[in-house]
Amino acid sequence: MTSSNIRVNLPQNSYDIAIAPGSLSQLGNSLSELNIGKKVLLVSNPTIFKHYGEQTINSLQDAGFEACYHLIPAGERHKTPASIRKLYDTALKNRLERSSTLIALGGGVIGDMTGFAAATWLRGINFVQVPTSLLAMVDAAIGGKTGVNHPRGKNLIGAFHQPKRVLIDPQVLTTLPAREFRAGMAEVIKYGVIWDTELFERLEAAQRLDSLRYVSQDLLQTILARSVQAKADVVSKDEKEAGLRAILNYGHTIGHGVESLTGYRLVNHGEAVGIGMVVAGELAAAMEMWQPDEAQRQNALIEKTGLPTQIPSMLTARAIADSLKNDKKVKAGKVRFILPTRIGSVTITDGVPPDILHEVLTKNIQQTQ
């Protein structure tokens, strides 16, 4: 794979996303290019730190940084204010200053929490994203959305806080569990549906997408570069989700409901997004906004990736519909859905009739044997 650099252009706080194999070992040198203080706090989870912690700390220290670390247990259920308070305690113990930097080494959960801590510690300090999962590389690490979950809703507590840099080393994907790789592919498919027809067609042409070992280096480079470019383009046009950026939530409206109602234990984020995209596509088809054959193409691609396509059987249509009232995209009491009009284009609407929503949700609940 070749290296590439993609710029997120913002009115303030623009930054680079570097996609470079082997770059993790050069993290310290990369950060030396930024105008930041010498104190850095690395945030990770025990599994990721076991693989890459020593290498990362050594790289930082070799470049002259005073590096310490804080570990958060793995899993969405630990994405809470209580976990953030413990991170604050470590920041205080190590006397982090306004010129100091938090570094997120991990997936989307670590990135979101580290960013939120950075946004709120001393009213805002630097942070850097070093994503280790496919989902974080193509989506969560880019765009400055940070936050934690409330028991009744995902990411209801948060802030926009842009990273100083995003460093993507594709080589770390070799230690990523297959289930987590598939979760990341949900976000990649999302970009194909909402923004990039060519990416969607490249994915369709692949024989298998359910594991990294079946993805060629050329296709992986396409997946990373085109997904990152899509996210960067949208964020550059709408940093704080005043309009266009809401399309990045395609599949997430229903997906977040499924995640929260199952206690963040049964399905991971990417799996929930896969289910949410199926529901959103079928809503669009039922409302005659999208051709049924295109909905079938999307669903076939989700299935090829090995992602679930049905809502867990213990949930009801009414419970999911009620959960949507807590969604961040609710405006004037109405739930806004992102629905496809063709592959490569979506629209935002609050005009989904309740009866159609109930019918589609009921149809897509997994039947028990």
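Is Asn35 buried or exposed? At 76% relative accessibility, Asn35 counts as exposed (buried is under 20% relative accessible area, exposed over 50%, partly exposed in between, with a 1.4 Å probe and protein chains only). This is a predicted model, in which local features need pLDDT of at least 70, side-chain atom pairs count only at pLDDT 80 or more, and totals for chains, interfaces and linings use all residues. Residues are numbered from 1 along each chain as its sequence is written, and side-chain values use heavy atoms, with hydrogens and water left out. Helices (H or I, at least four residues) and strands (E, at least two) are DSSP runs, numbered from the N terminus.

**Helix α11**
- Helix α11 covers residues 292-304, and its 13 residues should span 18 Å at 1.5 Å a residue (the expected span is 1.5 Å times one less than the number of residues).
- The end C-alpha atoms of α11 are 18 Å apart, which agrees.
- Glu294, Ala295, Gln298, Asn299, Leu301 and Ile302 are the buried residues of α11.
- These cover an arc of only 160° around the axis, so they sit on the same side of α11 (the arc is that of the directions from the helix axis to the C-beta atoms).
- An α-helix has 3.6 residues a turn, so residues three or four places apart point the same way.
- The cover over the buried residues of α11 includes α6 (178-194), α7 (197-205), α10 (269-286) and β10 (337-342).

**Helix α6 and its packing on α10**
- In α6, 13 of the 17 residues are buried, so the helix is largely enclosed by the rest of the structure.
- The 17 residues of α6 should span 24 Å at 1.5 Å a residue, and the end C-alpha atoms are 25 Å apart, which agrees.
- α6 and α10 pack at an angle of about 40°, with their axes 7 Å apart (axes are lines fitted to C-alpha atoms, for helices over the stretch in contact, and angles run from 0 to 180 degrees between N-to-C directions).
- α6 and α10 are therefore oblique to each other (under 35 degrees is roughly parallel, over 145 roughly antiparallel, 65 to 115 roughly perpendicular and the rest oblique).
- The contact (heavy atoms within 4.5 Å) involves Arg179, Ala183, Ala186, Glu187, Ile189 and Lys190 of α6.
- On α10, the contact residues are His269, Gly270, Glu271, Val273, Gly274 and Met277.

**Helix α9 on α10**
- Helix α9 (residues 252-261) packs with α10 at an angle of about 130°, with the axes 7 Å apart.
- That angle makes α9 oblique to α10.
- From α9, the contact is made by His252, Ile254, Gly255, His256 and Glu259.
- α10 contributes His269, Ala272, Val273, Gly276 and Val279 to this contact.

**Loops**
- Asn35 lies in the loop between α1 (27-32) and β3 (39-44).
- Asn35 and Lys164 are 129 residues apart in sequence and 9.5 Å apart in space, C-alpha to C-alpha.
- Arg123 is in the loop between α4 (108-120) and β6 (126-131).
- Arg123 is exposed, with a relative accessible area of 76%, and has a positive phi of about 65° although it is not a glycine.
- Glu241, in the loop between α8 (217-237) and α9, is not a glycine either, yet has a positive phi of about 55°.

**Tyr88**
- Tyr88 is found in helix α3 (residues 81-93) and counts as partly exposed at 23% relative accessibility.
- Leaving aside neighbours within four places in sequence, Tyr88 is in contact with Phe116, Ala117, Thr120 and Trp121.
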